[in-house]
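Thanks for coming, everyone. Please have a look at the structure on the screen before I start.

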Amino acid sequence: MSKNPSNLKNIDRLIHEPTRLMIMTQLYVVESADFLFLQHQLQMTPGNLSSHLSKLEEAGYVEIVKEFIERKPHTALELTKKGRKAFKEYQQNLEQVFTNLPK
Amino acid sequence: MNKKMSLREVEKRTYMSYHQDGLIDIFVGVYVLLFALGILLMTVTDFSTWFVIPAIFPAVMVPIWVSAKKRLTMPRIGYVKFGSRGANKLMAIFIGLMVAGLGAFMVFTFASRSQGWALTLRNLIISNGMIIIGIGAAVISSLFAYTMGLKRLYVYGLLTLALFLAGHFINIPFGYFLLAIGLVIVINGFVLLIQFMRKYPLSQGDEVNVEKSL
C-alpha cells in the first residue's frame with residue numbers, strides 16, 4: 001500500500017463502510033463490550049451486527065472472546081492491537097484527505 | 001474535525017448510556033438521606049457518632065452497586081468494560097468521599113466539646129452549617145458529574161446549593177432540607193430505573209441466537 005497520506009486509496013475500505021466505522025469507533029473508546037451492548041448502542045439488528053463483526057474478525061481487527069460469567073455464556077468483543085492501529089491510521093488518512101482538499 | 005474531542009464525546013455518550021438506569025441516583029440519594037438522618041438525630045439526642053455511617057457507606061455502596069448493575073442493568077443493556085482511566089477516577093472520588101466523611105466525623109466530635117477552639121469551631125459550624133453543606137454537596141456532585149458525564153448530577157448539586165443557601169437565611173433546620181433533597185434524588189433514581197427497565201426489557205430472542213453463531 002502506498003504511504004502517501006493524501007491518497008484516497010490509503011483509506012481502509014473495510015473500516016470506511018459506515019456501519020463498520022460505527023462498530024470500530026464504539027469499540028475504540030472502550031476496553032471491551034458485549035454483543036448486546038453494541039446492538040443497543042448502535043441500534044442494529046442482530047444479524048446485521050453479526051455480519052459486520054465477522055468481517056472485522058476475519059481482518060484481525062476485532063477479537064471475539066467467548067466466556068462464561070456466572071454460568072451464562074457471554075461474548076465479549078474488543079479491538080485487537082492491529083484493529084486499534086488500523087483505526088488510528090484510518091483517522092489520520094481521512095484527516096489528511098480533508099486537509100489536502102483545495103480551498 | 002478535532003479527533004480527540006469527537007472520540008471523547010463518543011466515550012461520554014457510551015458512559016451516559018450505561019448509567020441511565022438511575023442506580024447512581026438511588027445510591028447518592030440514600031447517601032444524602034443518611035447525612036440528613038444523622039443531622040436530625042443530633043438535634044434530638046446529640047448522637048454525633050451517627051456520622052460514622054455516612055463515612056463508611058461508600059465502601060459498602062460499591063459492592064452493592066456492582067451487584068445491582070449485574071442483576072438489573074447488564075441483562076438488559078449488555079456489558080461494557082471501560083478503560084482504567086475512568087475507573088481510577090471514580091475510585092479516587094469514592095476514597096475522597098470516605099476521607100471527607102471521616103474528616104467530618106472527627107471535626108464534629110472535636111466540636112462537640114465545650115471549650116477553647118472547639119467551642120469557636122462549633123459556633124462557626126452551627127452559624128454557617130447550611131452554606132458549608134451546600135457548597136460541599138455542590139462540589140462532590142460536580143466531581144461525579146464531570147467524571148461520569150452525567151449532567152443531571154450538576155443539577156442535583158445546584159439544587160442542593162440553592163436550597164441550603166436559602167435555608168441559611170430562612171432559618172429552618174437544615175436536616176430537613178437535606179432530607180428533602182435526598183428524597184428528590186432517590187425518587188428520581190427510581191423513576192429513571194423504571195423507565196430504563198421499560199425501555200430495555202429482558203429478552204432471550206434473536207440477539208442470543210445470532211450471538212451464538214459468531
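A word on conventions. This is a predicted model: local features need pLDDT of at least 70, side-chain atom pairs count only at pLDDT 80 or more, and totals for chains, interfaces and linings use all residues. Residues are numbered from 1 along each chain as its sequence is written, chains are lettered from A and ligands numbered from 1 in the order written, and side-chain values use heavy atoms, with hydrogens and water left out.

Chain A first. It has five helices and three strands. Helices here are DSSP runs of H or I with at least four residues, strands are runs of E with at least two, and both are numbered from the N terminus. From that end, the order is α-α-β-α-α-β-β-α. The C-alpha trace of chain A spans about 55 × 25 × 20 Å along its principal axes. Of its 103 residues, 45% count as buried, meaning under 20% relative accessible area with a 1.4 Å probe, protein chains only.

Now the sheet. Which strands does it contain, and in what order? It is an open sheet of four strands, S2(A)-S3(A)-S1(A)-S1(B), with antiparallel pairing. Two strands pair if DSSP finds at least two bridges between them. The edges are S2 of chain A and S1 of chain B, residues 80-81; each pairs on one side only.

Take the pairs in turn. S2(A), residues 62-69, is joined to S3(A) by eight bridges. There, A:Ile69 stands opposite A:Lys72. S1(A), residues 32-34, and S3(A), residues 72-79, share two bridges. A:Ala33 faces A:Leu77 in that strand. Two bridges also join S1(A) to S1(B). Contact means heavy atoms within 4.5 Å.

Last, the helices. The axes of H2(A), residues 18-28, and H4(A), residues 46-58, come within 10 Å and cross at roughly 75 degrees. Axes are lines fitted to C-alpha atoms, for helices over the stretch in contact, with angles from 0 to 180 degrees between N-to-C directions. So H2(A) is roughly perpendicular to H4(A), a label that covers 65 to 115 degrees. From H2(A), A:Thr19, A:Arg20, A:Ile23 and A:Met24 meet residues of H4(A) including A:Leu49 and A:His52.

Methods. Parallel < 35°, antiparallel > 145°, perpendicular 65-115°, else oblique. Buried < 20%, exposed > 50% of the residue type's maximum accessible area, 1.4 Å probe, protein only.
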